[in-house]
Amino acid sequence: MKKYWLPVMMLAIFEAVAVTLWLTLDNLFYLFNFSYIGCSVSLGIFLFIRKHPHARRVAQLLVGLYMLVYLGLICQENMQIEGFWYYLFTGVFEAATIHYAVAKIFGPLIFGRGWCGYACWTAMVLDFLPYQTPRRPRKPIGWIRYVTFAASLVFVAALFLAHVGNLERIMFWAFLTGNLAYYGVGIALAFAFQDNRAFCKYICPITVFLKPMSYFSLLRVTCDTEKCVSCGRCRQVCPMDVDMTDNSRKRKNGTECILCFACVKNCPKGAL
Ligand code: SF4
Ligand code: SF4
Ligand code: SF4
């Protein structure tokens, strides 16, 4: 049973969040929401341990579709970064603010960029494209993420400063157009750079939160240097160009790891 500590720990963390938010905000929805996400993520990790070939994709589809279709389209909650700014400006601690606090700001201190590997509805689609591992070297254009981050903030701030009415409706349309833009740009970049995760590496504004927080992540892939024979197979299969054979926090692209465990699966010596 020892090998199942990780899915059990993930489920416990999400249940703790679910119960805390349910009781403090007196809203049963949070119990359902975070229990569902915790069960889905834990199921993905459990299946991975059981060597199921599509373990991560199962979790990604369960959480991604729930957030995109149920929360986004049916409940009309803008869970993108614009929704986060919107709730932050209105001073309401719910929906997108809670989602960001748990999945993208404080959660990464524990589970790094697990969100990007197991839950994001943008990557859920991008991961179906044919370039699972990048076929071209990384480009030095990661600065674009700061531009998109600033643009999202300026957009929402401008709506408030201009006292635009019917903001809830506008945020729903921003969610629809924002997602279409993300998918369009993400798919175009994946084919242009022959890299499914090009959008994640260069454009995604959420990485401005994710990268610094995941630097301190409790959960990370480490290398047993005694077992490693420096074959380089792990780096070849990594979708995010991480040098996982370096155990230091400053390893190359260390804050990009999405915990997909492709490197672990492909290491012939079981060194990761
Ligand atoms: S980097 Fe952005 S688009 Fe990519 S998986 Fe993470 S949150 Fe999703
Ligand atoms: S292959 Fe390994 S280092 Fe690369 S993103 Fe996946 S888990 Fe992280
Ligand atoms: S695949 Fe395993 S043995 Fe090869 S370099 Fe990576 S960690 Fe070392």
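Predicted model: local features only at pLDDT ≥ 70, side-chain atom pairs only at ≥ 80, totals over all residues.
## A residue after helix α2

Just after α2, Lys-51 adopts a positive phi of about 65°. In general, most residues other than glycine have a negative phi.

## Helix α2 and its surroundings

Helix α2 covers residues 28-49, which makes 22 residues. From its first C-alpha to its last, α2 reaches 32 Å, close to the 32 Å expected at 1.5 Å a residue.

## Overall form of the chain

The chain contains 14 helices and 0 strands.

A compact globule of 272 residues would have a radius of gyration near 19 Å, and the chain agrees because its own value is 19 Å. Along the principal axes, the C-alpha atoms fill a box of roughly 60 × 45 × 30 Å. Of the 272 residues, 40% count as buried. Among contacts in the chain with a separation of 6 or more, 67% come from residues 24 or more positions apart.

The domain assignment divides the chain into domain 1 (2-214) and domain 2 (222-272). The C-alpha centres of domain 1 and domain 2 are 24 Å apart. To the contact, domain 1 brings 16 residues and domain 2 brings 12 residues.

On the side of domain 1 that touches domain 2, α7 (114-118) and α12 (207-214) each supply at least two residues. Of the elements, α7 gives the most to this side, with 3 residues. By residue type, the side of domain 1 that touches domain 2 divides into 3 nonpolar, 7 polar and 6 charged.

Ligand 1 has around it Cys-116, Cys-120, Thr-122, Ala-123, Phe-199, Cys-200, Cys-204, Ile-206 and Thr-207. Helices α8 (121-126) and α11 (198-202) each supply at least two residues of this shell. The shell around ligand 1 is made up of 7 nonpolar residues, 2 polar and no charged.

Ligand 2 is surrounded by 13 residues, the closest being Cys-238, Val-242, Cys-257, Cys-260 and Cys-263.

## A buried loop residue: Val-221

Val-221 is located in the loop between α12 and α13 (233-237). Is Val-221 buried or exposed? Val-221 counts as buried because 21 C-beta neighbours lie inside 10 Å, where the cut-off for a buried residue is 20 or more.

Apart from neighbours within four places in sequence, Val-221 is in contact with Met-244, Cys-257, Cys-263, Val-264 and Leu-272. Val-221 and Leu-272 are 51 residues apart in sequence, yet their C-alpha atoms are 6.5 Å apart in space.

## Positive phi in two exposed loop residues

Ser-230 is found in the loop between α12 and α13. Although Ser-230 is not a glycine, its phi is positive, at about 55°. Ser-230 counts as exposed because it has 8 C-beta neighbours inside 10 Å, and the cut-off for an exposed residue is 12 or fewer.

His-163 lies in the loop between α9 (144-161) and α10 (167-193). Its phi is near 50°, a positive value in a residue other than glycine. With 7 other C-beta atoms within 10 Å, His-163 is exposed.

Note on methods
Residues numbered from 1 in each chain as written. Chains lettered and ligands numbered in written order. Domains from an automatic or database assignment. Contact = placed C-beta atoms within 7 Å. Helix = DSSP H or I, 4+ residues; strand = E, 2+ residues; numbered from the N terminus. Nonpolar A, V, L, I, M, F, W, Y, C, P; charged D, E, K, R; others polar. Rg over C-alpha atoms; globule rule 2.2 N^0.38 Å. Near = placed C-beta within 6 Å. Expected span 1.5 Å × (residues − 1).
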